[in-house]
Amino acid sequence: MKIAIIGTGKVGGALASNWSKKGHSINLGVRDLHDFKAADLLTNENTNAFLIKEAVSISEVVLIATPPTAIFDILKQVDDLTGKVLIDATNAVMKGPDPYKTVYHCIVDKTGAEAVKCFNSTGFENMLNPLYDNEGIDMFMAGDSNKAKAVAKQLALDCGFGCCWDFGGSDKVELLEKFALSWINLAIMQGHGRNMAFKVVRR
């Protein structure tokens, strides 16, 4: 797949590294081609940097891994998104993209993209290496687009996650963000450390 990654911080960088290893074409969308976070990602195979508008235009899938409030500026810089898969990997647990509850809801309202919430529920360390005792931890997604969910699931498996659970439709997007806050609470606020993760088990 041709994947544009908007936001080259730790989450975007971890996913870019893993997806490039699986042969996906990674198009980093940046504001300044000569000065952006994680320029070392360009040493990964299949990875190039473009201005945001071009990165999105040449890609089938777009990952948003920026602070939530940046979505308005991003949408001003891109052309028609109809039919493209947009993955919202943000969390509006501190400050959201007012008046929208989440970036997902903003995307659905303002674009014709196929949107899904995914890659928001754990730390970047687990996205870079989702294996615990050689077993993949779980990823989670939510949204109304079956097309976008199928893409997110495949990309989660490509990263090494054991499963990508479907939380449900758009009405479960906020729940998934609160689930992310649960990880933040345990790992950071309660001091258990970032090398912890969630996995669903059954009997």
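1. T111 is buried, because its relative accessibility is 17%. Buried means under 20% relative accessible area, exposed over 50%, and partly exposed in between, with a 1.4 Å probe and protein chains only. T111 sits in the loop between α4 (103-110) and β6 (114-118). Helices (H or I, at least four residues) and strands (E, at least two) are DSSP runs, numbered from the N terminus.

2. A note on the source. This is a predicted model: local features need pLDDT of at least 70, side-chain atom pairs count only at pLDDT 80 or more, and totals for chains, interfaces and linings use all residues. Residues are numbered from 1 along each chain as its sequence is written, and side-chain values use heavy atoms, leaving out hydrogens and water.

3. What does T111 touch? Beyond its neighbours within four places in sequence, T111 contacts L75 and L81; contact means heavy atoms within 4.5 Å. The T111 side chain reaches the backbone oxygen of I107 at 2.7 Å. A polar atom of that side chain also lies 3.1 Å from the backbone nitrogen of A113.

4. The sheet is open and has eight strands, in the order β3-β2-β1-β4-β5-β6-β9-β10, with mixed pairing. Two strands pair if DSSP finds at least two bridges between them. β3 (47-51) and β10 (163-166) stand at the edges with a single partner strand each, so one side of each has no neighbour in the sheet. The twist averages 30° from one strand to the next.

5. β5 (residues 85-88) and β6 run parallel, joined by four bridges. V85 has E114 as its bridge partner in β6. Helix α6 packs on the sheet, touching β1 (2-6), β4 (61-64), β5, β6, β9 (138-142) and β10; its direction makes about 40° with that of β6. Helix α7 (residues 173-189) also packs on the sheet, touching β5, β6 and β9, and its direction makes about 150° with that of β9. Axes are lines fitted to C-alpha atoms, for helices over the stretch in contact, and angles run from 0 to 180 degrees between N-to-C directions.

6. K153 belongs to helix α6 (residues 146-159). K153 is partly exposed, because its relative accessibility is 42%. Leaving aside neighbours within four places in sequence, K153 contacts M141 and C164.

7. How many disulfides are there? The count is zero, with a disulfide taken as a pair of cysteine sulfur atoms within 2.5 Å. The sulfur of C164 is 4.1 Å from the closest cysteine sulfur, in C118, too far for a bond. C164 is buried, at 6% relative accessibility.

Technical notes: A polar contact is a pair of N or O atoms within 3.5 Å; within protein, one must be able to donate a hydrogen and the other to accept it, and residues adjacent in sequence count only if both atoms are side-chain atoms.
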